Each structure stands twice: as structure tokens, then as C-alpha cells.
Amino acid sequence: MGGKVTVIGSYNTGFVIYIERVPALGETVRGWGFRMEHGGKGSNQAVQASRLDAETAMVARIGNDIFGERALKLWRSESISTDHVRIDPHAPTGAGLVIVGPEGKNLIAVDLGANMRLSEDDVDSAEPLLRNSDVVLAQLEIPERVALYALRLSDGIKVLNPAPAVRMDPERLSGIDVITPNEVEVRLMSGEGHGSDVVAIAERYAKHTNVVVTLGERGALVVEKGGRSYTVPAPKVRAVDTTGAGDAFNGALASALAKGYSLREAVELACKAGAFLVTRRKGPSLIDSLPDWKDLESLEVP
């Protein structure tokens, strides 16, 4: 193992089915290819960090149901500590319904369930873990206030993946070491529309925190707190399915930072993990495609 990563985050069970056409209101159509899969940004990122040899723990809430049991079984099989996972007696495990229609267009409904009941008290009970972690990583499929509270309680490197994005003034991120939005998310955070200058937005946030904006096949833009900026290119690969690339990126980034990599080195590794993921079709579950060290070493680029 190399470095300690704690993820404050979500778990969702995904229910996926394929249809030939979108039904009219009140109509039932036949589908095929049903599958149930592990999901949730926090869980995916924790699995990725663990596969890259970080000593990883989850702080989360799940329901008292079979889907919560599946989450615990997954984490334990991936050597992720569940000592601070709470079973909520009043809310179900988070779930997402995904209907894949013509031309791959999706209809998605999500009930975050127990994820949204994660509380400051849950975080306080994990305080010794947070203070002893090299990196604490949070996302926003849990209450925003809890994510920020948990990060600020940590003595390690504090990383916020602001997804799903919410409007957030730069000043609110003081004390956070790194934020990792994509191009769409950084615009939504700032309240600016499509086509606004991502570099200019990142520079505003970089007055308070290091900013890493993921750019898909173009890699990542890094604007360090204090102004230095550069782009880290992604390996050139033949993309098959980009689903989950952000989770691979964030989990790998956390693992690398926990091992003592510089921010540039960590972003380089994270870009490589994301590139590996997009070369794989996601079935039966996204986590099946998250890389370990052997996968990254064997990554073939054209």
C-alpha cells in the first residue's frame, strides 16, 4: 500500500435497460439487456484509489436493504475499509434508473436516498480517520455542506470533485487544496454559460485553491493557486466509452497525491487512468474497467 485515502461519498445501485424507442406517456414497451451495477461517484473513486494501492476507506451512508449489502460486499472485496459506513434505517440505498434509448440516448432518474442523509455527526465520528489520512476526497452526491465540513476537518490534502456541479463562489473553497471540475462543471460553478472562457474562470478559483479542469481527450488544465498554469496531455487512445472517466481520474489523482506525487505528476497519472477507462466498454459494470497498475503499464497507445 502507498498512502492513505479517505473518500467521503456516495454509493448508488444502477438499474439499466435498453429500449428501441421511447414510450408515450402511459405506454409500456419491451426492453432488453437489463443489468444491475455498482455506481456512485464516491464508491467508484474509492475503488480506483484502492486498485492503485492506496489504503482506502469510505465514509458513507447506505440503506438497510440488499443494495446496501451489495455495497459493503464490494468495498470489502476491494480492500476498502467500511468502519465508517453507516446503515440508515429510514432511507434506501441510492439508486439510479437508466433507460438507454435509440442512438444511445439516455433517460435517467436518480434517488440519492441515504447518501443525502450523511451528516456532520457521521463525519465527526470519523475524525481520527480524517486527520490520519494523506488525502481526503469528496464529491457532491452527498450534501454540499457535509462534503466541505469533512474536507476542512482533515489534516491531509483536501480534494473536492464538484460533481454534480452547484453554484459555488471561489471564496467558499478557501482551505480546499484541489478542485477537479470538468469544463461543463467549472462553468456551472461560476454561473457562466456555454462558451465562457474556462481558463479565466479557473484563474478566479485559483486565487483560493489549485484547480484541475479535466478536458477529456485533451487531458487536463492545471491552474495552481498563485497563478502558474499548464496543460497535461492525455495519452492518445481510441475511445470506446467515456462513461466514468472522471471517476477513474479522481481516484487515481487521490492515490498519487497520497503517495507524495507532485500535483503535475498526479495529474499525469490520473490522465492515464482516465485514458485506460475510455478504451473499455462498460459491462456488466463500470468498476470492471477501472485499472490497476498492471493495466496502466500495459496501456497501448496508437
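Q: Why does valine 22 count as partly exposed?
A: This is a predicted model, and in it valine 22 has 46% relative accessibility. Buried needs under 20% and exposed needs over 50%, so 46% lands in between and the label is partly exposed. As for where it sits, valine 22 is in the loop between strand 2 (12-19) and strand 3 (31-39).

Q: What makes Val22, Ile99 and Leu107 a nonpolar surface patch?
A: Patch members need over 30% relative accessible area, and nonpolar side chains are joined within 5 Å. Valine 22, at 46%, clears that area cut-off. Together Val22, Ile99 and Leu107 make a patch of about 230 Å².

Q: How do you know that glutamate 27 and arginine 21 form a salt bridge?
A: Their closest N and O atoms are 2.4 Å apart, and the cut-off is within 4 Å, so the pair qualifies. It's one of 13 salt bridges in the structure.

Q: Why is aspartate 247 said to have no salt bridge?
A: The nearest side chain of opposite charge is lysine 41, and it is 4.5 Å away. You'll find it in helix 8 (residues 245-258), where it touches Lys41, Asn44, Gln45, Gln48 and Leu286, leaving aside residues up to four places away in sequence.

Q: What makes the aspartate 122 and arginine 61 pair a link between parts apart in sequence?
A: First the contact: their side chains meet in a salt bridge at 2.7 Å, N to O. Aspartate 122 lies in helix 3 (residues 120-125) and arginine 61 in strand 4 (residues 55-63), so the pair ties together parts that are 61 residues apart in sequence. Both aspartate 122 and arginine 61 are buried. A network of salt bridges links Arg61, Asp88, Arg117 and Asp122.

Q: How do you know that glutamate 120 and arginine 145 form a salt bridge, and what does the pair tie together?
A: Their closest N and O atoms are 3.0 Å apart, so they pass the test of being within 4 Å. Glutamate 120 lies in helix 3 and arginine 145 in helix 5 (residues 144-153), so the pair ties together parts that are 25 residues apart in sequence. Glutamate 120, at 23%, is partly exposed, and arginine 145 is partly exposed at 48%.

Q: Why is strand 4 called largely enclosed?
A: Of its 9 residues, 8 are buried, so the rest of the structure largely encloses strand 4.

Q: What makes strand 4 a partner of strand 1 and of strand 5?
A: Pairing takes at least two bridges. Strand 1 (residues 4-8) and strand 4 have 5, in the parallel sense, and 7 bridges join strand 4 to strand 5 (residues 80-88), also parallel. Threonine 6 has alanine 57 of strand 4 as its bridge partner, while isoleucine 62 stands opposite isoleucine 87 in strand 5.

Q: Why are strand 5 and strand 13 said to stand at the edges?
A: The open sheet of 9 strands runs in the order 5-4-1-8-9-10-11-12-13, with mixed pairing. Strand 5 and strand 13 (229-232) each have a single partner strand, so one side of each is left without a neighbour in the sheet.

Conventions. Residues numbered from 1 in each chain as written. Predicted model: local features only at pLDDT ≥ 70, side-chain atom pairs only at ≥ 80, totals over all residues. Heavy atoms only, no water. Helix = DSSP H or I, 4+ residues; strand = E, 2+ residues; numbered from the N terminus. Buried < 20%, exposed > 50% of the residue type's maximum accessible area, 1.4 Å probe, protein only. Lys, Arg positive; Asp, Glu negative; His and termini not counted. Contact = heavy atoms within 4.5 Å. Patch = residues over 30% accessible without salt bridge, like charges linked within 9 Å, V, L, I, M, F, W, Y side chains within 5 Å. Areas by Shrake-Rupley, 256 points an atom, 1.4 Å probe, with all protein chains shown as cover.
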